[in-house]
Amino acid sequence: MSTPSDAALPIRRLTPRDLSACADLSEDRGWPREEHKWRLLLTAGKGYGVDDPGGGLVAACVVTEYGTGERPRLGAVGMVLVAERHARQGIGRRLMRHIVSAMGTTPLTLYATPYGRPLYEELGFKATGRSEMLSGPFTPGGSQPRVATRTATAEDLGSILRLDEEVFGVDRTLLITRLPAFSDLLHVAVDDGRIVGYAAAWPNMDTHVVGPLIARDTETAKSLIASLAAHTDRPLRTDIDVRHEELLSWAKARGLTSVAMNSVMTYGIAESPGDWTRRFAPLTVAAG
């Protein structure tokens, strides 16, 4: 019996029941399984995938929608993966075209690897920025952080949500309210009783990923990273907007090393919304 070609395989919505298949697909492409992250994305976002007639998934991706009302104001595309045995056969392009069509007039954003960027450019995405992935053990040093930090409490959530929407530019309540359960550490920076920044550290394999990192200024961002690092024995990993040169230099001086560079790309808007000067790192590049 003949098997259908990739072009004939239907695209369907993924659910949390597809968690293992998504993790298997990540592993197939040499990525970590990242089941903790996949679980968040499949719960908070909309997964799309193509089933392999032989078992597992041919391809998958997730769109996380932001904004209130009937129509989202922004969609973040992430975890675009195609199984090695189906690579270079157009399935990734077909999946992305499906996403663009399904999202209609909703602007889109994504972080692209150098390998994936040509496909996104072909579909009409424009590079609007870059981020640098850093990873490694954090070594304290230099002057002490200048901004007071502490562990976030349930009473802080409203303030965190208001600050996040102000800085990110779009309401992310459905994602941010999951942070207390998703992350191992959630800290806030406080000045005169007012929250001026927040950051989470969530488990990913043997590291703690720092993100989101929202802060009033660079000194506040430094204080939040140092605060999180002081409460974990794991290496840190984060993706910092390259325009924050001072923070990048500071993090590298404390043991984090450059791992990769990604392009920030948008579709339907000239640039990402919000205030980049206070947006230092995403929760994850898969969700913005």
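Visitor: Leaving aside its neighbours within four places in sequence, which residues is T266 in contact with?
Guide: This is a predicted model, where local features need pLDDT of at least 70, side-chain atom pairs count only at pLDDT 80 or more, and totals for chains, interfaces and linings use all residues. Residues are numbered from 1 along each chain as its sequence is written, and side-chain values use heavy atoms, with hydrogens and water left out. Contact means heavy atoms within 4.5 Å. With neighbours within four places excluded, the partners of T266 are L108, T109, G124, F125, K126, T128, E271 and S272.

Visitor: Is T266 buried or exposed?
Guide: Buried means under 20% relative accessible area, exposed over 50%, and partly exposed in between (1.4 Å probe, protein chains only). T266 has a relative accessible area of 1%, so T266 is buried.

Visitor: How many disulfides does a search of the whole structure find?
Guide: A disulfide is a pair of cysteine sulfur atoms within 2.5 Å. The sulfur of C61 has its closest cysteine sulfur in C22, 9.8 Å away, which is too far for a bond. Over the whole structure, the number of disulfides found is zero.

Visitor: Which residues touch the most other members of the largest nonpolar core?
Guide: A nonpolar core is a set of buried Ala, Val, Leu, Ile, Met, Phe, Trp, Tyr and Cys residues joined through side-chain atoms within 4.5 Å. The largest such core has 40 residues, and the members touching the most others are W38, Y66, L179 and Y198.
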